[in-house]
Amino acid sequence: MKEDKKTILIVDDDADCLAQMELQIRRLGFEVITADSQKKGEEVIMEKEPDLAIIDLMMENKDSGFILCYKMKQQYPGMPVIIASAVTAETGLRFGVETEDERRWIKADTFIEKGIRPDQLEREINKLLKI
Amino acid sequence: MATLKVLVVDDEPGIRSGISRIMRNFRVSYPFMDEDFDFELEEADSGEKAIAIIEKEPVDIILLDNKLPGMDGIEVLEHIRSKQMDIYVMMITSYASLELAVKATTNGAYNFVPKPFTPEELRSAVENITKHLFLKRMTRSMNKEGKQVRFQFLSVLSHELKSPINAIEGYLKIMKERQVGESLSDYDTMIDRSLERIKGMRTLIMDMMDLTRLESTSKARQVRKVDLGQVARIALDTMEPMAIQKNVKMFLDAPENLVLQSDSDEIEIIMNNLVSNAVKYNRENGEVSVTIRQTDNQVSIKVEDTGIGMNEEEVSRLFQEFMRIKNEKTRNITGSGLGLSIVKKLVEDTYHGTITVKSIPDGGTTFEVHLPN
């Protein structure tokens, strides 16, 4: 089915979360590029356009994920971006991109909670890649 | 200039206008207040009117006559107290009796001015109340900030505690589903990483306990003569296993019997943190040297390493809580990000000393602590 494999960029500053997400995504049959900071993520997108990006919310700073996401959307408006975070579970804060207002300033296409089941993750990715 | 709202409650118009005259152009300043206070006056000729005013708009100080036509001063006081309003009340009364004074004080009056009073007496009473009010409000806002800081600390702490749990949970799920193979050895790296994350959590918990001990007033500090060379020796011994692994040589240069009047637990925390950082952030075959000296009226503890060093930007953030320098070189080093913030707190707040750091990327880092002795 997946003859030319799609490439997914994963950005997370926690080496273990990064490794686990990479493993999950590879098992779903995608190519993976990883970056372990907002800065590295920015460097990657200077070079090439991935088909989709999954980025951690809290990295160098609390809002690193938002900023990186914003920059990605500026460069590649059509590239879907997923923000992954454990923020809701940890702080009780809820972010969402449900309303128009939220969409205006948060540029991500979807939010997922870290620890999401592989099949749910696959569904979200496929939906965004229109597979 | 900040303006305090003063409400004068008296049924005699002469008293009200007299007070207004005295208070006009009166200012209160305090050496450490950013700005002077002046006063904006409002008048009420009965307790009922006074209550109507304070219900409607914020008032800072009330000059309150006790003998009023309808409800009396004490009743106004009771109302303010029951509504927990942030108002300072000064009673003005012509026949001051002990009974009235007690009753008024119980109901929260700040002080008394007997009638008749001189302009000077009134001004000095208002000055006192203003200073008191300023300090009270200042304390309150500082406490609130303290709580705010605490809350931020806890939310970062919970993030720091949950990340390793998430990581370990992730690995366990992968293993449970046998995602990368049937043999246990397929999961060696994941097991090692899980153990590493557990170690990190333990460090964090230990550091948290240090911090709690420092902040809790329940633990009595035991200040006595502490031999600094001895504490340093123990710190080096503790780090020996890791130093051997990295082939880092450690040196101690301290005069015999150099004692500091201090709490040995606290000095251990300072020394252990500095020495363990010097080893952890060192390179293979590097060196750590600890030099302790007594000068005129202080001791200096210098901990030098030949490690990975930091750039200026990293140094500037070094003492923040949960600050961890994240880069290629520190990726595999476990730490809580609390150690140096604890050290700084101890050195500066508890011992009124100083801590400085010099660092050269890939050259090494030197921490120098000076404690008055």
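## How confident is the prediction?

Let's begin with the scores. For the complex, the predictor reports an ipTM of 0.75 and a pTM of 0.53. Chain B has an average pLDDT of 86, with 89% of the residues scoring at least 70. In chain A the mean pLDDT is 82, and 80% of the residues reach 70 or more.

Which elements of chain A mark the two ends of the confidence range? Strand β1(A), residues 7-11, has the highest mean pLDDT of the elements in that chain, at 96, while helix α4(A) has the lowest, at 49. Over residues 89-96 of chain A, pLDDT stays under 50, and the model has 13 contacts beyond four places in sequence for this stretch.

## Chain B at a glance

Chain B contains ten helices and twelve strands. Of its 373 residues, 29% are buried. If you take the contacts in chain B between residues at least 6 apart in sequence, 68% of them join residues at least 24 apart.

## The open sheet of chain B

Five strands of chain B make an open sheet with parallel pairing, and their order is β2-β1-β3-β4-β5. The edge positions belong to β2(B), residues 37-44, and β5(B), residues 109-114; each has a single partner strand, so one side of each is left without a neighbour in the sheet. From one strand to the next, the twist averages 25 degrees.

Eight bridges hold the parallel pairing of β1(B), residues 2-9, with β2(B). Within this pair, Ala2(B) sits opposite Phe37(B) of β2(B). Helix α1(B), residues 13-23, packs on the sheet and touches β1, β2 and β3 (61-65) of chain B. The direction of α1(B) makes about 170 degrees with that of β2(B).

## Two nonpolar cores

The largest nonpolar core has 37 residues. Leu228(B), Ala232(B), Ile270(B), Met271(B), Leu274(B) and Val275(B) have the most contacts inside this core. Elements of chain B that each supply at least two of its residues include the helices α6 (188-215), α7 (228-246) and α10 (339-350), along with the strands β9 (287-294), β10 (298-305) and β12 (364-372). Helix α8(B) gives the most, with eight residues.

Not counting residues up to four places away in sequence, Ala232(B) touches Leu252(B), Ala254(B), Met271(B), Val290(B) and Ile292(B). A second, separate core has 31 residues, among them Met21(A), Leu57(A), Met72(A) and Val81(A).

## A buried strand in chain A

Is β4(A), residues 81-85, largely enclosed or left open? Five of its five residues are buried, so the strand is largely enclosed by the rest of the structure. Both faces are covered: Val81(A), Ile83(A) and Ser85(A) lie on one side, with Ile82(A) and Ala84(A) on the other.

Strands β3(A) and β4(A) run parallel and are joined by four bridges, with Asp56(A) partnered by Ala84(A). Strand β5(A), residues 110-113, also pairs with β4(A) in the parallel sense, over four bridges. Here the bridge partner of Ala84(A) is Ile112(A).

## Asp51 of chain A

Asp51(A) lies in the loop between α2 (38-47) and β3 (52-56) of chain A. How exposed is Asp51(A)? It has 18 C-beta neighbours inside 10 Å and therefore counts as partly exposed.

Apart from neighbours within four places in sequence, Asp51(A) is in contact with Lys6(A), Thr7(A), Ile8(A) and Leu129(A). Tyr76(A) is 25 residues away from Asp51(A) in sequence, and the C-alpha to C-alpha separation of the two is 9.8 Å.

## Where the chains meet

The contact between the chains takes 15 residues from chain A and 16 residues from chain B. On the side of chain A that touches chain B, α1 (15-27) and α4 (87-91) of chain A each supply at least two residues. The largest share, six residues, comes from α1(A). By type, the residues on this side of chain A divide into five nonpolar, four polar and six charged.

How values were computed. Residues numbered from 1 in each chain as written. Chains lettered and ligands numbered in written order. Predicted model: local features only at pLDDT ≥ 70, side-chain atom pairs only at ≥ 80, totals over all residues. Pairing = 2+ DSSP bridges. Axes fitted to C-alpha atoms, helices over the stretch in contact; angles between N-to-C directions. Contact = placed C-beta atoms within 7 Å. Nonpolar A, V, L, I, M, F, W, Y, C, P; charged D, E, K, R; others polar. Core = buried A, V, L, I, M, F, W, Y, C linked by C-beta atoms within 7 Å. Buried ≥ 20, exposed ≤ 12 C-beta atoms within 10 Å, placed from the backbone. pLDDT = per-residue confidence, 0-100.
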